[in-house]
Amino acid sequence: MGLTYSYGIYLRPENAARALNKVAQLAPPERRVPPLAVTLPGGERVVLPFTSGFESEPVDCTGKDRVTFDTSLMFPADEAVRAYAEAGGLPIEDGRVRIGYVYLDMYFPSLLDPRYVCLDFWAATSRMSRLFEDSVAIREVFADLAEAAGAVCCRFDTGDGGPGQLLWGIPPS
């Protein structure tokens, strides 16, 4: 089994739509798939440029513990991202690189605390996991996403059973 590193963003359920809309802003500007309509628990709807189960059929999250999205995200081309792009023959577009599928598991509630929802972005390959660990730009994108989405924290997890590394957080109220 390969490496499966991830970034987890923990937020209150009422901030889930805002977070998903912020994630959509990381997608490439051109759409390669039909838009995905997602209904969150509580009825709020968002439309995303991603798939779920590699399909674009509407997703209703009501009553589900987890929903998985197949995302295509672009990250700034820092040294690590640039090396990843060159090794994989990936183009650098406007200073950013589409690194491949990044899977997004959305947990209702999060596994760590039932008061929160978790957006867990995990690398599709061991090579991408190493990139997640090495790239300062990717780390900053996820920390900034957490802050912009009104999250309570963002952590990096290597899947080794440890607590992970806290990248961004606010004190609980």
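Reader: Let's start with arginine 155: which strand is the place of this residue?
Author: Keep in mind that we're looking at a predicted model. To place arginine 155, look for the strand that holds it, and that strand is β9.

Reader: Is arginine 155 buried or exposed?
Author: Buried means under 20% relative accessible area. Arginine 155 comes in at 14% relative accessibility, so it counts as buried.

Reader: And which side chain does the side chain of arginine 155 join in a polar contact?
Author: A polar contact needs a pair of N or O atoms within 3.5 Å. For arginine 155 the contact is 3.2 Å, and the partner is the side chain of tyrosine 10.

Reader: Moving on to threonine 71, is that one buried or exposed?
Author: Threonine 71 sits in strand β5. Its relative accessible area is 0%, so threonine 71 is buried.

Reader: Which backbone oxygen does the side chain of threonine 71 reach?
Author: Start with the contacts of threonine 71, leaving aside neighbours within four places in sequence: Phe50, Gly100, Tyr101, Val102 and Leu104. The side chain of threonine 71 gets to a backbone oxygen at 2.5 Å, and that oxygen belongs to valine 102.

Reader: What about valine 38, which residues does it touch?
Author: Valine 38 is in strand β2, residues 36-39. With a relative accessible area of 0%, valine 38 is buried. Not counting residues up to four places away in sequence, valine 38 touches Glu44, Arg45, Val46, Leu48, Val59, Cys61 and Phe69.

Reader: How many Å separate the C-alpha atoms of valine 38 and valine 97?
Author: Along the chain, these two valines are 59 residues apart.

Reader: Which residue caps the N-terminal end of α2?
Author: Look for a side-chain oxygen by the backbone nitrogen of alanine 80; one lies 3.2 Å from that nitrogen. The residue it belongs to, and so the cap of α2, is aspartate 78.

Reader: And which residue follows α2?
Author: Here the backbone has a positive phi, near 65 degrees. The residue with that phi, following α2, is glycine 89.

Reader: How do the buried residues of α3 fall around its axis, in an arc of how many degrees?
Author: The buried ones in α3 are Met128, Ser129, Leu131 and Phe132. They line one face of the helix, because seen down the axis they fall within an arc of 160 degrees.

Reader: What do those buried residues of α3 pack against?
Author: The partners include both strands and helices. The list is β1, α2, β7, β8, α4 and β9.

Reader: Are α3 and α4 roughly parallel or roughly perpendicular?
Author: Helix α3 (residues 126-134) and helix α4 (residues 136-148) have axes 5 Å apart and pack at an angle of about 75 degrees. Angles of 65 to 115 degrees count as roughly perpendicular. That's why α3 and α4 are roughly perpendicular.

Reader: How many residues of the contact of α3 with α4 are charged?
Author: From α3 come Leu131, Phe132, Glu133 and Asp134, and they meet Val136, Ile138, Arg139 and Phe142 in α4. That contact divides into five nonpolar residues, no polar ones, and a charged group of three.

Reader: Is phenylalanine 54 exposed, or partly exposed?
Author: Phenylalanine 54 is in the loop between β3 and β4. It has a positive phi of about 60 degrees although it is not a glycine. At 48% relative accessibility, phenylalanine 54 counts as partly exposed.

Reader: Last one: is aspartate 94 buried or exposed?
Author: Aspartate 94 is in the loop between β6 and β7, and has a positive phi of about 50 degrees. Its relative accessible area is 81%, so aspartate 94 is exposed.

How values were computed
Residues are numbered from 1 along each chain as its sequence is written. This is a predicted model: local features need pLDDT of at least 70, side-chain atom pairs count only at pLDDT 80 or more; totals for chains, interfaces and linings use all residues. Side-chain values use heavy atoms; hydrogens and water are left out. Axes are lines fitted to C-alpha atoms, for helices over the stretch in contact, and angles run from 0 to 180 degrees between N-to-C directions. Helices (H or I, at least four residues) and strands (E, at least two) are DSSP runs, numbered from the N terminus. Angles under 35 degrees count as roughly parallel, over 145 as roughly antiparallel, 65 to 115 as roughly perpendicular and the rest as oblique. Contact means heavy atoms within 4.5 Å. Ala, Val, Leu, Ile, Met, Phe, Trp, Tyr, Cys and Pro count as nonpolar, Asp, Glu, Lys and Arg as charged, and the others, Gly among them, as polar. A polar contact is a pair of N or O atoms within 3.5 Å; within protein, one must be able to donate a hydrogen and the other to accept it, and residues adjacent in sequence count only if both atoms are side-chain atoms. Buried means under 20% relative accessible area, exposed over 50%, partly exposed in between (1.4 Å probe, protein chains only). The arc is that of the directions from the helix axis to the C-beta atoms.
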